[in-house]
Amino acid sequence: MTTDDTDTRRPAGGADDGAPTARRRTLLAAVAGLVVAGVVALVLLLGDDADGGTAPAAAPSTPAEATDAGGTADPTTPTGEPSAAPAPAPAAVESAPAPVPGEGTPVSADLPPALPEVPLDAPVTVEDGLVVELSRIEAIEGTGQGPGNVSGPALRVTVRIQNTSPAPLPLDGVTVNAYHGGELTPASPLEDPSRQPLVGELPEGEAAEGVYVFSVPREAMGAVTVELAARADAPRVLFSGPVD
């Protein structure tokens with residue numbers, strides 16, 4: 001064997017020995033990538049299970065949104081202010097019947113003082129030349145007409161006023177009231193068909209009569225009082241006594 005043959009001989013497994021190593025490294029890198037991807041997928045899956053699978057719904061930010069979401073607004077929402085309670089409806093009030101002018105007017109402390117009581121049939125002269133009297137007073141069975149009027153025992157009073165003063169007398173200011181019993185219980189005016197109150201004006205030197213009716217129990221007719229005032233500033237005359 002010559003020297004040239006020895007130097008040119010290639011040892012077994014020369015330059016081709018590096019190819020298997022490179023392939024192993026590539027395979028290991030791919031496996032590692034798959035492992036990392038699997039771990040990441042597992043973490044994400046576990047995180048979704050812990051959160052219940054769905055994200056919480058956003059809370060409504062305004063009372064209007066709360067109303068749309070639940071049907072009614074929540075008075076405890078941060079926005080705020082509880083809705084005002086509706087104002088209570090006013091209670092119904094029944095109106096009292098209007099008083100009849102000249103009849104049943106309550107006695108006021110500002111009225112002139114009353115003159116001493118006189119019998120039911122006595123004429124009385126008051127200041128300014130006015131003469132007043134009850135020309136007739138009788139117990140009747142009254143007939144009520146209109147709201148608040150009840151038929152039953154009643155007192156019918158005929159008032160006569162004579163004007164001897166030098167000036168006409170307005171009759172719209174005449175006031176007639178009736179009472180019964182020792183405590184002067186007021187008698188309610190009755191809209192009986194025979195009622196004819198004084199109206200208009202009474203010229204000087206003339207007389208006029210008016211008829212007034214009041215509800216009075218039959219058992220109270222033994223003590224009645226009729227109060228008559230020819231005008232607001234005239235003294236009040238009290239006629240008292242029994243009625244048959």
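How many of the 244 residues of the chain count as buried? The share is 27%, where buried means under 20% relative accessible area, exposed means over 50%, and partly exposed covers the values in between (1.4 Å probe, protein chains only). The structure is a predicted model, in which local features need pLDDT of at least 70 and side-chain atom pairs count only at pLDDT 80 or more, while totals for chains, interfaces and linings use all residues. Residues are numbered from 1 along each chain as its sequence is written, and side-chain values use heavy atoms, with hydrogens and water left out.

The predictor's confidence in each residue, pLDDT, runs from 0 to 100. Its mean over the chain is 75, and 57% of the residues reach 70 or more. Over residues 1-16 the pLDDT is below 50, and this stretch makes 2 contacts in the model beyond near neighbours in sequence; contact here means heavy atoms within 4.5 Å. Residues 105-109 also have a pLDDT below 50, with 5 contacts beyond near neighbours in sequence.

Taken as a whole, the chain holds 3 helices and 12 strands. Helices (H or I, at least four residues) and strands (E, at least two) are DSSP runs, numbered from the N terminus. Of the contacts in the chain with a separation of 6 or more, 71% are between residues 24 or more positions apart. The accessible surface comes to about 16100 Å², and carbon and sulfur atoms account for 59% of it. This area was computed by the Shrake-Rupley method with a 1.4 Å probe, and for residues only the protein chains shown count as cover.

Two open sheets can now be described, with strands taken as paired if DSSP finds at least two bridges between them.

Another open sheet has 5 strands in the order 1-12-11-6-7, and here the pairing is mixed. Strand 1 (118-119) and strand 7 are the edge strands, each pairing on one side only. Strand 6 (residues 175-180) is mostly covered, with 5 of its 6 residues buried. Strand 6 runs antiparallel to strand 11 (residues 224-229), to which 6 bridges join it, and the bridge partner of Y179 in strand 11 is T225. Strand 6 is also joined by 2 bridges to the antiparallel strand 7 (residues 185-186), where H180 has T185 as its bridge partner.

With 4 residues between the strands, it includes G181, which takes a positive phi near 85°. L184 sits in the loop between these two strands and has a phi near 55°, a positive value in a residue other than glycine. Most residues other than glycine have a negative phi. L184 is partly exposed, at a relative accessible area of 41%.

P119 has S240 as its bridge partner in strand 12. S240 is buried, with a relative accessible area of 18%. Leaving aside neighbours within four places in sequence, S240 is in contact with E117, V118, P119, L120, V224 and T225. The side chains of S240 and E117 are joined by a polar contact of 3.3 Å, that is, a pair of N or O atoms within 3.5 Å in which, within protein, one must be able to donate a hydrogen and the other to accept it, and residues adjacent in sequence count only if both atoms are side-chain atoms.

Finally, the interior. A nonpolar core is a set of buried Ala, Val, Leu, Ile, Met, Phe, Trp, Tyr and Cys residues joined through side-chain atoms within 4.5 Å. The largest such core has 33 residues, of which V132, V159, I161, V174, V176 and F239 touch the most other members. Strand 4 gives the largest share of this core, 4 residues.
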